[in-house]
Amino acid sequence: MAMHNLVQALVFVAVSFNTLAPTVANVEGDALYALRRSVKDPKNVLKSWDPTLVDPCTWFHVTCDADNRVTRLDLGNAKLKGRLVPELGKLERLQYLELYMNNLEGSIPEEIGGLKSLVSLDLYHNNLTGSIPASLSKLSNLNFLRLNGNRLTGRIPRQLTKLPNLKIFDVSNNDLCGTIPTTGSFSKFSEESFKNNSRLEGPELMGFVRYDTGRCK
């Protein structure tokens with residue numbers, strides 16, 4: 001009887017493990033396919049994105065790790081037109097989100113701030129609008145944040161200055177306002193990172209320029 005129970009337990013664990021992996025993969029596949037449905041794809045770069053497959057790891061422009069979890073999305077200069085989707089926040093192990101030089105519009109989803117493994121967020125040269133989400137300050141592993149060449153508005157969230165590993169930051173050629181942060185990780189960024197934002201003032205000097213000043217109305 002004891003041996004029978006042990007065998008049953010082992011079978012249960014094996015079945016549970018085998019059903020868990022596809023479930024996670026399906027969640028990530030569904031998240032990516034939500035992006036697929038949200039954009040027009042004139043060059044058919046997403047033609048291989050078949051939602052009936054077990055996981056998205058065989059799709060072009062998608063890279064996975066040994067556990068079949070998505071780690072890279074490389075769709076730069078793909079001529080995609082449409083909107084980003086909040087489902088991207090379900091790609092828990094994503095390290096590189098490369099969607100630069102497309103025709104993406106609308107806002108940057110707050111949910112991207114939940115991608116704790118993200119190293120590079122490249123959304124430059126699109127038509128994105130709205131503000132920079134303060135939730136991006138949760139991306140503690142982020143090295144590269146390039147949002148230049150969009151139509152972003154509002155202030156630069158001060159929470160971003162606390163990103164410990166940020167090496168490259170570029171929000172030039174937008175319509176940001178307020179003042180330029182100079183504390184924390186922002187102390188090493190030159191004014192080139194902020195140029196061509198006609199309503200952006202600064203940089204802040206030892207706290208004498210208040211954050212809530214600047215032409216933001």
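This is a predicted model: local features need pLDDT of at least 70, side-chain atom pairs count only at pLDDT 80 or more; totals for chains, interfaces and linings use all residues.
I'll start with the cysteines. The structure holds 2 disulfides. If you number the bonded cysteines in sequence order, the pairing reads 1-2, 3-4. As a reminder, a disulfide is a covalent bond between the sulfur atoms of two cysteines.

One of the two links Cys 57 with Cys 64, and their sulfur atoms lie 2.2 Å apart. The angle about that S-S bond is -95°, which is a left-handed link.

The other disulfide joins Cys 177 to Cys 216, with an S to S distance of 1.9 Å. Here the angle about the S-S bond is 105°, and the link is right-handed. Which parts of the chain does this pair connect? They are distant ones: Cys 177 sits in strand E12, residues 175-179, while Cys 216 is in the segment after strand E13, which covers 199-201. The two cysteines are 39 residues apart.

Cys 216 comes out at 23%, so it is classed as partly exposed.

Next, the sheet that contains E12. How many strands form this sheet, and in what order? There are 3 strands in the order E10-E12-E13, the sheet is open, and the pairing is parallel. E10 and E13 are the edge strands; each has a single partner, so one side of each has no neighbour in the sheet. In general, strands of a sheet pair through backbone hydrogen bonds, either parallel or antiparallel.

Looking at E10 and E12 in particular, these two run parallel and are joined by 2 bridges.

The last item is Arg 158. Where is it in the chain? Arg 158 belongs to the loop between strand E10, residues 153-154, and strand E11, residues 168-170. Its relative accessible area is 18%, so Arg 158 is buried, again by the cut-off of under 20%. What does its side chain contact? The side chain of Arg 158 makes a polar contact of 2.8 Å with the side chain of Thr 179.

To put E12 together: the strand spans residues 175-179 and carries Cys 177, and Cys 177 is bonded to Cys 216.

Terms used:
Residues are numbered from 1 along each chain as its sequence is written. Side-chain values use heavy atoms; hydrogens and water are left out. A disulfide is a pair of cysteine sulfur atoms within 2.5 Å. Helices (H or I, at least four residues) and strands (E, at least two) are DSSP runs, numbered from the N terminus. Buried means under 20% relative accessible area, exposed over 50%, partly exposed in between (1.4 Å probe, protein chains only). A polar contact is a pair of N or O atoms within 3.5 Å; within protein, one must be able to donate a hydrogen and the other to accept it, and residues adjacent in sequence count only if both atoms are side-chain atoms. Two strands pair if DSSP finds at least two bridges between them.
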